[in-house]
Amino acid sequence: MSTTNYDVIVSPVITEKATKLSEVNQVVFRVTLDSTKPQIAKAVTELFKVKVKAVNTVTIKGKRKNFRGTKFKKSDYKKAIVTLEEGSQIDVTTGL
């Protein structure tokens, strides 16, 4: 089964820390758990027409929570920190 670029990248991460990273040519995306670094690099390159220098990923384990006496676990998710080549830039606030 082939995946499209839209299947790999779920959404951009817009936090204070991610905004700080944009100053040093890095962009943070939430990606699917089974995506690989080459798939992420290819998706970012084709969707945003930029050159990717490196991709770092981190899997965040979901926390266990209680709500009105009911215990549940938040879903695990994966973040990708994409470093762009000099001169390349992505404005994640505008969307695709």
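## Close-up views of the predicted protein chain

Among contacts (heavy atoms within 4.5 Å) in the protein chain between residues at least 6 apart in sequence, 60% join residues at least 24 apart. The model is predicted: local features need pLDDT of at least 70 and side-chain atom pairs count only at pLDDT 80 or more, while totals for chains, interfaces and linings use all residues. Residues are numbered from 1 along each chain as its sequence is written, and side-chain values use heavy atoms, with hydrogens and water left out.

**View 1. Overall arrangement of the protein chain.** Three helices and six strands are present; helices (H or I, at least four residues) and strands (E, at least two) are DSSP runs, numbered from the N terminus. Along the sequence they follow the pattern α-β-α-β-α-β-β-β-β. The C-alpha trace spans about 50 × 35 × 20 Å along its principal axes. Of the 96 residues, 28% are buried; buried means under 20% relative accessible area, exposed over 50%, and partly exposed in between (1.4 Å probe, protein chains only).

**View 2. The open four-stranded sheet.** The strand order is β1-β2-β6-β3, with antiparallel pairing; two strands pair if DSSP finds at least two bridges between them. Strands β1 (9-12) and β3 stand at the edges with a single partner strand each, so one side of each has no neighbour in the sheet. On average, neighbouring strands of this sheet are turned by 30 degrees against each other, direction ignored. Helix α3 (residues 37-48) packs on the sheet and touches β1, β2, β3 and β6. The direction of α3 makes about 125 degrees with that of β3; axes are lines fitted to C-alpha atoms, for helices over the stretch in contact, and angles run from 0 to 180 degrees between N-to-C directions.

**View 3. Pairing of β2 with β6.** Strand β2 (residues 26-31) runs antiparallel to β6 (residues 77-84), and six bridges join them. Valine 27 stands opposite valine 82 of β6, and glutamine 26 stands opposite threonine 83. In the loop between α2 (16-21) and β2 lies asparagine 25, which is buried at a relative accessible area of 19%. Beyond its neighbours within four places in sequence, asparagine 25 has contacts that include Val82, Thr83, Leu84 and Gly87.

**View 4. Valine 58 on strand β3.** Eight bridges link β3 (residues 52-60) to β6 in the antiparallel sense, and valine 58 has lysine 79 as its bridge partner in β6. Valine 58 is partly exposed, with a relative accessible area of 36%. Not counting residues up to four places away in sequence, valine 58 touches Tyr77, Lys78 and Lys79.

**View 5. The largest nonpolar core.** This core holds 16 residues, and those with the most contacts inside it are Ile9, Phe29, Ile40, Val44, Val82 and Ile90; a nonpolar core is a set of buried Ala, Val, Leu, Ile, Met, Phe, Trp, Tyr and Cys residues joined through side-chain atoms within 4.5 Å. Two or more residues come from each of β2, α3 and β6. Helix α3 gives the largest share, five residues. Apart from neighbours within four places in sequence, phenylalanine 29 has contacts including Ile9, Val44, Phe48, Val82 and Ile90.

**View 6. A charge over the ring of tyrosine 77.** Arginine 30 lies over the face of tyrosine 77, at 4.0 Å from the ring centre; a charge sits over a ring if NZ of Lys or CZ of Arg is within 6 Å of the ring centre and within 35 degrees of the ring normal.
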